Amino acid sequence: MTGAPALAPVAAAAGGARLVAVTHCWVCGGRGLRRFHAPRIDFRDYAAQDPDLASYSGQEVWLVRCESCGFGQPDRMPTLPGFFDRMYDQRWADDWIEREFDATYKDFIFDRILGELDRRRAGGRRLLDVGAHAGRFMHLAQRRGWQVEGIELNPRTAACAARRTGAPVHQVNAQALAAGGRRFDAVTLTDVLEHIPEPVALLASIARLVEPGGTIAIKVPCGPSQWHKERLVSTLKPSHAVSLADNLVHVNHFSPASLTLALERAGFERVAIRTAEPELLPLESSPMRRAASNALRLAVYAAGRLPGAVHTPLALNLQAYAHAPGARR
């Protein structure tokens, strides 16, 4: 959706409005925010589990892009207490969670991150994975000699990660862990930061978890590239509806410039942004489909790694590395 009709009135809820306006960019503070897409909001599947969340179905929210730094975010945010925790209260089956631990579709991404962390390491081998899910990355890091811990708020995936790795998995947010004085040589967030409102505040909390000179590694979708991809697919296949952050599943839409700025404003130094590796279909997929899909993904990825291509639509995902300031103790 590229037009900009007038906003519909926001429905009232007990104690106030369901949505509150966001008037400035979460990264740079700019107020020049231009609409570019209205995601679908449909929580009817939660009607029995969470009627208050389900009542948001049909609300209108626009994604807006900052004219100063290129960052994308919603123009209004839900006021329902614990909105995102309730949305991510996924009651997955135990066997599905176990399969997620064993799944290999992100191993290409994980292996490259671990290789880069080894290359940048200048001290210890304590690693914190924020958003550990079922623990696959923690497991691979252990095999490469890292002393791992995780943060995972979903109790069922956290339990799987802890049991399968034997490592601590904290069911608290990064701010709470930092308040306890914990420090790590490397902190990773893979496909996590796009989900959390006001990302600079989170990154500033994570900066307190990183040892001086330590490394943070962040993978996120590239907002502008994902938007171009969705529009291209809908043009080639008219039955395809543009899908970008439906239900506010992604609230942060980073460009290379805005991801760099977010890390710098959180206190990190020596920020490097490049095109991130893609997910690849695993061996259990249909051989022909796997071969064709992975060949296309790897070709786009290779093109996105060419000099300067991280600033083009070929960079569908971004991988950032940065360092906490100061020398190691």
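In which strand does Arg270 lie? Arg270 lies in strand E13. Helices (H or I, at least four residues) and strands (E, at least two) are DSSP runs, numbered from the N terminus. The structure is a predicted model, in which local features need pLDDT of at least 70, side-chain atom pairs count only at pLDDT 80 or more, and totals for chains, interfaces and linings use all residues. Residues are numbered from 1 along each chain as its sequence is written, and side-chain values use heavy atoms, with hydrogens and water left out.

The chain has 11 helices and 14 strands. Its radius of gyration is 20 Å, close to the 20 Å that the globule rule gives for 329 residues, so the chain is as compact as a globular protein of that length. The radius is taken over C-alpha atoms, and the rule is 2.2 Å times the number of residues to the power 0.38. The C-alpha trace spans about 55 × 50 × 45 Å along its principal axes. Of the 329 residues, 50% are buried. Buried means under 20% relative accessible area, exposed over 50%, and partly exposed in between (1.4 Å probe, protein chains only).

Contacts are defined by heavy atoms within 4.5 Å. Among contacts with a separation of 6 or more, 74% join residues 24 or more positions apart. The accessible surface comes to about 15100 Å², and carbon and sulfur atoms hold 55% of it. Areas come from the Shrake-Rupley method with a 1.4 Å probe; for residues, only the protein chains shown count as cover. The chain carries 40 positive and 33 negative charges, whose mean positions are 4 Å apart. Lys and Arg count as positive and Asp and Glu as negative, while His and the chain ends are not counted. Each charge is placed at NZ of Lys, CZ of Arg, CG of Asp or CD of Glu.

An open sheet is formed by seven strands in the order E10-E9-E8-E11-E12-E14-E13, with mixed pairing. Strand E10 (169-170) and strand E13 (269-275) stand at the edges with a single partner strand each, so one side of each has no neighbour in the sheet. Two strands pair if DSSP finds at least two bridges between them.

Strand E11 (residues 184-190) has seven of its seven residues buried, so it is largely enclosed by the rest of the structure. E11 pairs with strand E8 (residues 126-130) in the parallel sense over four bridges. Here Asp129 has Thr188 of E11 as its bridge partner. E11 also pairs with E12, in the parallel sense over six bridges. Thr188 is bridged to Ala217 in E12. Strand E12 (residues 210-221) in turn pairs with strand E14 (residues 317-323), antiparallel over seven bridges. In that pairing, His323 of E14 is the bridge partner of Thr215.

Helix H8 (residues 199-207) has as its buried residues Pro199, Val200, Leu202, Leu203, Ser205 and Ile206. Their cover includes helix H7 (174-179), E11, E12 and helix H10 (256-265). In helix H5 (residues 136-143), the buried residues are Arg136, Phe137, Met138, Leu140 and Ala141.

Most residues other than glycine have a negative phi. Leu248 has a positive phi, near 60 degrees. This residue is placed in the loop between helix H9 (223-236) and H10. Leu248 is buried, with a relative accessible area of 2%. Arg270 also has a positive phi, near 50 degrees. Arg270 is exposed, at a relative accessible area of 55%.

Arg305 is found in the loop between helix H11 (287-304) and E14. At 38% relative accessibility, Arg305 is partly exposed. Beyond its neighbours within four places in sequence, Arg305 is in contact with Arg112, Arg274, Thr275 and Glu277. Arg305 and Ala292 are 13 residues apart in sequence, and their C-alpha atoms are 20 Å apart in space.

Leu53 is placed in helix H1 (residues 51-54). Leu53 is buried, with a relative accessible area of 0%. Not counting residues up to four places away in sequence, Leu53 touches Phe43, Tyr46, Leu80, Phe83, Arg86 and Met87. Leu53 and Phe84 are 31 residues apart in sequence and 9.6 Å apart in space, C-alpha to C-alpha.
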